[in-house]
Amino acid sequence: DGSFKAVTWEEAIATLVAKLLAAGGKVAVISGAGRGTFTDLFRGWTEAQGGKFARYAAFSFEPLRAANQLTFGTPEVPHHDLARARYILSFGADFLDGSWLSPVETQRGFAQSHGYRDGAMAKHVMFAPRMSLTGMNADEWHPPKPGSDAVIALAMANVLLAERTGNPADANALRGVLGPWTPERAQEESGVGAEIIRRVAREFASAAPGLALAGGSSSQHRGAIQTAVAVNLLNYVAGNVGQTVRFGADLDTGDGYGVMLDLLNRIERGEAQVAIVHEANPAYSLPKTAGFAAKFQKAAFKVSTSLYLDETAALCDLLLPNHHALERWDDSRPRRGVQGLMQPVMEPVFQTMATGDLLLNVARKAGGVLAPFNAPSYEAHLKAQWLKQVGSDAGWRQALANGGVYGEAPVA
């Protein structure tokens, strides 16, 4: 009748095993978990069955990747060194509210650069239509018309090329492209005064190295890629690429929205008998044009590991709630050189199970192609993967004490 009934974990795992074996590899997984040991396990577990795995995040950074491909020929997200920056320009990048790239690292870098030390402190100016937490912490906040961020960045780059000596040699080739983008034209399109744009551009040029940022939640509009391209050009003309904008640290190009839509189309075509959603709520966060609910329900058996009965979980047949993040082992790889390690700090409050343990339990009962996933627990699996990296129990204990392994970002 559409309602849920309680089952034991043993019944739930047996049900899932039966459905997976009957599916014959027609499995689709949507995971919102970040890069790390768990994602490696889940992807391997899915692909061993012949299934398809897609990582999905509501706030992805595909505009940044697309812009970097257009501008620099690589779809990487660069490492932004806020600590070194003497002037920070944000075009909608909410690096203090936890939704932009590597939040702890960017917040720490901002605290170092914007804190008063050695007789100086960096200035922070934000252009965004909404005063976010990042805007509240800016020295200046200017609200442009939504979607007009790009014209401001282009006008600033034009000012730098026109007024400053010592620009990168090949940046002069951009004069023809940037010439029409005057502060006055930017004022017409954005509503931000031409003198403000000209003044901020001059300040930015004089405080080397600077750093311009794009791609936050307020930049999720049709011009998101253009905004990121414009900010790339501004950083390049200012000489920040290779200084505060460094490539070489990104681990991969991500899965993203396109891969997510492809997976949904597979489900709609009947190519997935079992669909599993982990740490994501695409029924809520995907655009309506994606048609998630209608396509998702074409899967014969749908599973959610959500701790909450969210919009996606409500569409599912089996609910296998994951432990809360404070109750389970986990790790994270935001970039090369950094791997954070998390251990549980409290006992589970509800009758939940860590999804890592769930996958291993299912593998033990299903056998066959899943037989190699035979660790006694996810904690044991996580430790085994870390020992390959740190080399010894002493190294493991040190990483545990430090909360991970932290190194400098490599530079390409």
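**Helix α10 and the spaces inside**

Modeller: Helix α10 covers residues 224–237, and at 1.5 Å a residue its 14 residues should span 20 Å; the end C-alpha atoms are 20 Å apart, which agrees. Keep in mind that this is a predicted model.

Colleague: How many of the 14 residues of α10 are buried?

Modeller: Ten of them are, so α10 is largely enclosed by the rest of the structure. Among the buried ones are Ala 224, Thr 227, Leu 233 and Val 237.

Colleague: And what comes just after α10?

Modeller: Gly 239, which takes a positive phi of about 80°.

Colleague: Switching to cavities. How many are there of 30 Å³ or more?

Modeller: The count comes to four. The largest cavity has a volume of about 110 Å³.

Colleague: Which residues lie nearest the centre of the largest cavity?

Modeller: Leu 64, His 80, Val 231, Asn 232 and Asn 235, out of 15 lining residues. α3 (62–72), β7 (210–214) and α10 each give two or more residues to that lining. The largest share, four residues, comes from α10. Val 231, Asn 232 and Asn 235 are also on the list of buried residues in α10.

Colleague: What classes of residue line the largest cavity?

Modeller: Eleven are nonpolar, four polar and none charged.

Colleague: Now the second largest pocket: what is its volume?

Modeller: About 540 Å³. Its lining has 17 residues, with Lys 5, Ala 6, Val 7, Leu 318 and Leu 319 nearest the centre. Elements giving two or more residues are α1 (9–23) and β11 (318–319).

Colleague: How does the lining of the second largest pocket split by class?

Modeller: Ten nonpolar, four polar and three charged residues.

Conventions: Residues numbered from 1 in each chain as written. Predicted model: local features only at pLDDT ≥ 70, side-chain atom pairs only at ≥ 80, totals over all residues. Heavy atoms only, no water. Expected span 1.5 Å × (residues − 1). Buried < 20%, exposed > 50% of the residue type's maximum accessible area, 1.4 Å probe, protein only. 1 Å grid on protein atoms, 1.4 Å probe; cavity = no way out; pocket = protein on both sides within 12 Å on 5 of 7 lines; lining within 4 Å. Points joined across faces, edges and corners; volume = space filled by probe spheres on them. Nonpolar A, V, L, I, M, F, W, Y, C, P; charged D, E, K, R; others polar.
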